[in-house]
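Hello,

Here is the structure I promised to pass on to you. Have a look at it first, and then read on for what turned up.

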Amino acid sequence: MRRLIKADALREILLPLGRMAIFVLGAGALLSVVMVVLSLLFRGSGADKLLQTTQGVNIFTYTMANLPQVLIDGVTLGFVYAAIALGYTMVYGVLEFINFAHSEIFALGAFAGVEFLIILDQTGVLKTAGGMSPYLYLVLALIVSMAASGGTAVFIERVAYRPLRNAPRLVPLISAIGVSFALQDIIRLTESLTTGQFYRVIPTFGNFDDRIPLFSIPTGGAPIRVDIQVKSLVVIAAAMFMLVGLNYIVNATRIGKAIRSVAQDRNTAAIMGIGVNGIISFTFLLGGSLGGAAGVLYALKFTRIDPFVGFMPGMKAFTAAVLGGIGNLTGALLGGIVLGMLESFAGAYLGTFTMGNFGSEYKDILAFLILIIVIIFRPSGLLGEQVSQKA
Amino acid sequence: MKIQIRDALRKAAVFANRGKIPYILSLALLALGFILVYLSPRSIPAFLVFAAAAALPYFLEIRKPVKLALAVLVAVVLVPILGARNIFYLEVIFQIAVFSALALGLNIVVGFSGLLNFGYMAFYAVGAYLWAFFGSSQPFLLKAIPGTVPPGTPFFMAADWFYLFIFLGIILAAVVGLVLGLPVLRVRGDYLAIITLGFGEIVRQLANNLDKPINLTNGPQGISPIQRPTLGPETVKFFNNIFEPLVGRPVTVNQFYNILFYLIALVVVVAAVVITYRLDDSKVGRAWTAIREDELAASAMGIPANKLKLGAFAVGASFAGAMGVLFAASRTFVSPESFSFLQSVSVLTMVILGGIGSIQGVIIGASVVIILNLQVLQSFSLFLSRLRQSDAYIPIINFYWRDLSNQLDPSKYQRLVFGIILILMMIYRPAGILPAARRKRELKAHVSEDGGTLAMNGNGGAASGTKEDDHA
């Protein structure tokens with residue numbers, strides 16, 4: 001019996017890792033093929049000629065040369081989105097409710113982590129940190145942000161959602177919008193009161209900005225070097241670790257079983273002796289802390305954060321959750337990776353292929369369009385619902 | 001304690017409604033408010049007294065023609081006079097009028113037919129950009145780099161086309177409402193809300209980015225200047241002839257424009273109120289209510305649910321379209337920032353605060369939110385900035401006010417205000433300050449059961465079944 005549980009646990013760790021690999025490779029390969037075909041089709045077009053006059057390369061070489069970097073960026077972004085999307089999808093799975101404030105939980109986590117690092121920086125330990133210690137500090141910042149975000153998520157659920165649990169569906173949604181707006185300004189207020197500025201920049205420390213050269217592509221002229229930033233690697237590794245951890249908790253532990261049963265049927269779960277309120281709080285804790293950690297990773301990657309930073313990533317993560325099939329953990333992972341890749345591709349190529357007429361600023365519109373199209377035509381998402389199957 | 005207050009209020013209401021008292025009371029208060037504001041145009045308490053006096057007759061038992069006459073007196077005579085004395089009040093009341101019309105439009109979608117719309121500002125943007133494009137020299141600048149206007153570029157149209165464009169704005173916004181409303185054919189509940197949010201953001205982003213390949217919207221810089229309808233000097237002179245003794249000084253052309261736009265906005269609001277009333281009492285309005293309460297049952301009774309839901313989107317959008325045109329002309333400037341998600345939520349806050357589905361409630365909600373925003377928060381900001389410039393400090397903790405961060409400016413914290421209003425209303429009073437009459441009857445009937453439920457009966461998401469089973 002004991003051995004069986006161990007085998008199960010191993011399976012629950014290896015399975016999501018395998019899925020991640022498949023999703024990343026699959027989405028990456030598919031989009032790359034599409035881009036290569038497109039670039040071949042666009043040969044001789046206006047965009048091609050423009051590129052040849054301005055940069056001296058044809059569109060095919062341009063596409064190929066940028067491809068590895070775009071893929072790496074896409075994966076990094078995708079894992080951040082996936083980590084946020086899990087918060088939406090878990091809450092939806094359990095309560096059938098769009099936790100609109102999750103994007104602010106994410107922003108709050110980013111601020112908690114960055115503030116922690118700023119304090120460390122002021123004491124001077126960050127500047128002298130060498131070897132492995134920057135990673136230790138980052139892990140500490142992640143823990144701080146997870147505690148802050150998770151705690152806030154639980155508190156919000158208690159104050160603003162639980163009183164409305166049996167109200168019609170749109171009521172908690174409006175309350176969630178209210179929470180989201182209030183949180184934005186509360187973050188802004190706290191941050192402005194201390195320094196007079198409401199944005200924060202993550203202190204530079206460790207070797208996160210270094211680039212590790214991977215390989216170089218020989219071309220006619222100078223070879224194109226492909227490298228990966230250390231922080232991208234860190235983001236990917238940390239996100240993967242958390243996603244596997246969450247998957248393990250939900251699928252291989254007792255409390256995970258309780259979460260799944262509450263998601264399936266709250267009343268029956270209550271009859272079976274599961275403390276439904278506690279489980280719902282725990283779900284918010286898990287989703288919130290994951291969102292908070294994602295916030296720190298986001299801050300690490302994009303360096304500057306402000307109280308309104310959560311809105312777009314939040315909307316995109318929600319899109320990812322819907323795209324994968326809301327209520328479905330694997331789906332959120334898939335949706336996040338696909339959306340991150342798509343955004344990275346759109347950001348890199350849209351401007352070039354349309355000769356600057358529709359630049360990378362359309363990537364937000366793209367995300368919203370995907371959201372609308374998926375909801376209208378395939379509301380169950382790519383993988384369909386698994387967690388919340390209700391009559 | 002609560003009951004005592006309620007009793008006292010009831011006694012006061014009984015007293016105030018006895019015989020001739022309501023007439024005397026409302027006239028006296030109105031006169032008092034008017035005189036207060038007239039004498040000290042900058043005082044906010046005075047303005048609040050006036051606003052309360054203007055709203056009071058509605059709640060008292062006064063014969064309908066008298067009520068109407070009072071309303072006309074306030075809207076057409078008193079407000080322009082006070083507004084001419086202190087142009088800021090005119091701005092407040094203009095905004096109240098604009099947002100009342102917007103809130104009435106959103107109320108048709110959210111309140112009557114129960115479809116949550118988070119992208120309502122998109123329709124306002126459509127109207128605003130319609131007149132911004134045709135009422136400026138933008139059609140001549142399609143090939144120009146955004147922000148550069150060759151000197152001597154003429155306006156595209158004569159300014160008085162504005163009046164026609166109010167109607168064109170209505171039509172265009174209604175068409176856009178139909179198109180953006182198409183998802184209601186397949187999607188319900190919270191998913192629909194998210195879709196409308198997506199549409200709203202897409203419209204804003206398009207306005208932000210359509211400065212290339214063709215420069216339609218001038219991008220983030222927005223379009224300016226936009227023409228206002230022409231105003232002959234005779235009109236201003238005519239107004240001054242009559243009202244100068246009352247106002248105390250002659251009104252300039254620019255100030256008179258404020259009065260003009262206020263009056264146009266008033267016309268639109270009155271039209272919106274009349275249309276909403278008629279719709280609410282009509283077959284269509286009752287069909288909307290039926291759909292809101294239970295779509296399946298409504299369809300079973302032969303109500304064409306899809307058609308009516310699309311209709312609700314179109315009618316709601318048309319109000320915003322008209323106001324958008326008016327907004328573009330009154331500001332002579334539009335930019336994508338005016339149509340953000342924050343704005344959509346602020347209109348939603350007005351509807352929810354006032355009372356979903358209740359016409360009077362929605363107008364009160366709009367007034368409260370605007371006064372809160374433009375007056376209470378602003379004056380609080382002003383107060384703080386004065387403190388900041390002074391040498392005052394808090395004695396015990398030795399905190400000097402001049403060290404207070406500039407970021408702490410209450411007028412910048414609308415989101416916090418809206419957020420808290422939304423949460424509190426949802427938890428404690430989901431039917432709003434002034435619940436709709438129909439709701440009130442239902443609430444009375446259900447008073448022994450659970451507390452107030454919301455007018456919106458979400459019909460479950462697109463993906464899965466309903467959750468209301470737990471409720472029963």
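Between domain 1 and domain 2 of chain B, about 1400 Å² of area is buried, and carbon and sulfur atoms account for 75% of that. Please keep in mind that this is a predicted model. On the domain 1 side, the residues that lose the most area to domain 2 of chain B are I44(B), F47(B) and A84(B), which together make up 32% of what that side buries. As for the bounds, domain 1 of chain B covers 1-85 and domain 2 covers 91-471. Their C-alpha centres are 26 Å apart, and the contact involves 14 residues of domain 1 of chain B and 17 residues of domain 2 of chain B.

What about polar links between these two domains? The count of salt bridges between domain 1 and domain 2 of chain B is zero, and one residue pair is in polar contact, with both residues at pLDDT 80 or more. Two helices, α3 (44-59) and α4 (64-85) of chain B, are the elements that give two or more residues to the side of domain 1 that touches domain 2. The largest share of that side comes from α4(B), with seven residues. By class, the domain 1 side that touches domain 2 of chain B holds 13 nonpolar residues, no polar ones and one charged.

Now for the two chains. Chain B puts 55 residues in contact with 59 residues of chain A. The area buried between chain B and chain A is about 5200 Å², with 71% of it from carbon and sulfur atoms.

How many salt bridges does the rule find across the interface of chain B and chain A? There is one, and you can look it up in the model: the side chains of D190(B) and R169(A) meet at 2.8 Å, N to O. The interface of chain B and chain A also has five residue pairs in polar contact, again with both residues at pLDDT 80 or more.

On the side of chain B that touches chain A, α8 (189-209), α14 (341-354) and α16 (414-428) of chain B each supply at least two residues. Of these, α8(B) gives the most, with 14 residues. D190(B), the salt-bridge partner of R169(A), falls within the 189-209 span of α8(B). Sorted by class, the side of chain B that touches chain A has 30 nonpolar, 16 polar and nine charged residues.

Notes. Residues are numbered from 1 along each chain as its sequence is written. Chains are lettered from A and ligands numbered from 1 in the order in which they are written. This is a predicted model: local features need pLDDT of at least 70, side-chain atom pairs count only at pLDDT 80 or more; totals for chains, interfaces and linings use all residues. Side-chain values use heavy atoms; hydrogens and water are left out. Domain bounds come from an automatic or database domain assignment. Contact means heavy atoms within 4.5 Å. Buried area is the accessible area (1.4 Å probe) that two parts lose on being put together, summed over both. A salt bridge is a side-chain nitrogen of Lys or Arg within 4 Å of a carboxyl oxygen of Asp or Glu. A polar contact is a pair of N or O atoms within 3.5 Å; within protein, one must be able to donate a hydrogen and the other to accept it, and residues adjacent in sequence count only if both atoms are side-chain atoms. Helices (H or I, at least four residues) and strands (E, at least two) are DSSP runs, numbered from the N terminus. Ala, Val, Leu, Ile, Met, Phe, Trp, Tyr, Cys and Pro count as nonpolar, Asp, Glu, Lys and Arg as charged, and the others, Gly among them, as polar.
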